[in-house]
Amino acid sequence: MAEPADLDRIDLLILKTLQQDGRMTNLKLSEEVALSPTAVLARVARLTREGYILGYEARLNPLKLRAGMLVFVEVLLDKTTPLIFEHFKAAVQVHDQIIECHMVAGGFDYLLKIRCADMEAYRHFAGTLLWQLPGVRETRTYAVMEEVKHTTHVPLPGL
């Protein structure tokens, strides 16, 4: 995998290290990448300004927060027009249970990733909200039995 032209090995190492621990102090990060704290701070600021770093957030435990059920839902729309797509995309934004929504190529239009407390909560969500989303013709639900791998880390070239 080739490196992006404007990133050197130290930039990539900074990104990798921050993916592993976004709360790392600038001093500790500078030690990890063998640069001065001032140089690291400037690089992190540049990587943020250029959009390589989108932000920082805490990873929460869904089991402790009554969101232990993970469900994937295939959504097939009744029409595939720009207006229907826009209405659907706007509608999914307002439901916190929908934690990801991806337009996909293939036998359906969108793939949703949904978190809720349990099957009863999902059935309520599906019956009162999911099936009422604009343009929905058909859905297929896949309840996750075991989460084998979960990461938000982006693969980085050359590391």
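At what angle do helix H2 (residues 26-33) and helix H3 (residues 37-49) pack, and how far apart are their axes? In this predicted model, local features need pLDDT of at least 70 and side-chain atom pairs count only at pLDDT 80 or more, while totals for chains, interfaces and linings use all residues. Residues are numbered from 1 along each chain as its sequence is written, and side-chain values use heavy atoms, with hydrogens and water left out.

The angle between H2 and H3 is about 100°, and their axes lie 9 Å apart, the axes being lines fitted to C-alpha atoms over the stretch in contact and the angles running from 0 to 180 degrees between N-to-C directions. H2 and H3 are therefore roughly perpendicular to each other, a term that covers 65 to 115 degrees. The contact (heavy atoms within 4.5 Å) is made by Asn26, Leu27, Leu29, Ser30 and Val33 of H2 together with Pro37, Val40, Leu41 and Val44 of H3. By class, this contact of H2 with H3 comprises 7 nonpolar, 2 polar and no charged residues, where Ala, Val, Leu, Ile, Met, Phe, Trp, Tyr, Cys and Pro count as nonpolar, Asp, Glu, Lys and Arg as charged, and the others, Gly among them, as polar.

His95 is placed in the loop between helix H4 (82-93) and S2, helices (H or I, at least four residues) and strands (E, at least two) being DSSP runs numbered from the N terminus. With a relative accessible area of 14%, His95 is buried, that is, under 20% for a 1.4 Å probe and protein chains only. Residues up to four places away in sequence being excluded, His95 touches Phe125, Leu129 and Leu133.

Terms used. Buried < 20%, exposed > 50% of the residue type's maximum accessible area, 1.4 Å probe, protein only. Parallel < 35°, antiparallel > 145°, perpendicular 65-115°, else oblique.
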